Amino acid sequence: MATQGFAVFGTAIGHCGIVWDEHVVIGSQLPEGDEGRTRARVRRSFPDAVEQTPPEWVRRYVDGVQALLRGEGAPELPELPLDLSRVPPFYARVYEVARAIPVGETMTYGEIAQRLGDPGSARAVGQAMGSNPFAPIVPCHRVIAAGGGKGGFSAHGGTRTKVRILEIEGVHLEEPTLFDL
């Protein structure tokens, strides 16, 4: 088995995690409330991973996530190699479509289903997003319900976190009030 490493790093919304082996990312983690909880979640999900300084190719991911969550975009994230062999084939196809959603844009679960050629699979797309082991590399926060609704979000903080990340990216699901401007 390949050696797995992980790192926990600060962002504008809290501490995220990244897990890798020699060539690909095998998981990433949005903040879990604080650095210790994020680290514990990574260790539970990837018990063989050892905390260490990330190699340069992973460091580019860390820099990209930090820039993304500061509202600066991260064009290199869609290029980061992911180990999709650990997810069901349908989920891998969903994640590839979601990875192509540009910063500042959204797609609905139904639009992803259409793009996959399976218009009746919107609910299954939602299940894939809820199981996303690569957030925010696979930007599940950019996938919303029909009619502009938030949809679900399984990360810590639920839909509040989803809305916060979208707002950082310049997407407002609800009209801003005078106090938001």
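Domain bounds here come from an automatic or database domain assignment. The model is predicted: local features need pLDDT of at least 70, side-chain atom pairs count only at pLDDT 80 or more, and totals for chains, interfaces and linings use all residues. Residues are numbered from 1 along each chain as its sequence is written, and side-chain values use heavy atoms, with hydrogens and water left out.

**View 1. The two domains of the protein chain.** The assignment gives domain 1 (4–70) and domain 2 (89–169). Their C-alpha centres are 20 Å apart. Contact (heavy atoms within 4.5 Å) involves 18 residues of domain 1 and 14 residues of domain 2.

**View 2. Area buried between domain 1 and domain 2.** Buried area is the accessible area (1.4 Å probe) that two parts lose on being put together, summed over both. For this pair of domains the value is about 1300 Å², with 70% of it on carbon and sulfur atoms. On the domain 1 side, I13, L30 and L68 lose the most area to domain 2, together 44% of what that side buries.

**View 3. Polar pairs and the domain 1 side of the interface.** Four residue pairs, both members at pLDDT 80 or more, are in polar contact across the interface. A polar contact is a pair of N or O atoms within 3.5 Å; within protein, one must be able to donate a hydrogen and the other to accept it, and residues adjacent in sequence count only if both atoms are side-chain atoms. At least two residues of the domain 1 side come from each of β3 (25–29) and α2 (56–68). Helices (H or I, at least four residues) and strands (E, at least two) are DSSP runs, numbered from the N terminus. Strand β3 gives the most to this side, with five residues.

**View 4. The four-stranded sheet.** The sheet is open, with the order β3-β2-β1-β4 and mixed pairing. Two strands pair if DSSP finds at least two bridges between them. Strands β3 and β4 (50–51) are the edges, each pairing on one side only. Strand β2 (residues 14–20) runs antiparallel to β3 and is joined to β3 by four bridges. W20 stands opposite V25 in β3.

**View 5. The cis peptide bond at P136.** A135 and P136 are joined by a cis peptide bond, with omega about 0°. P136 lies in the loop between α5 (122–130) and β6 (143–144).
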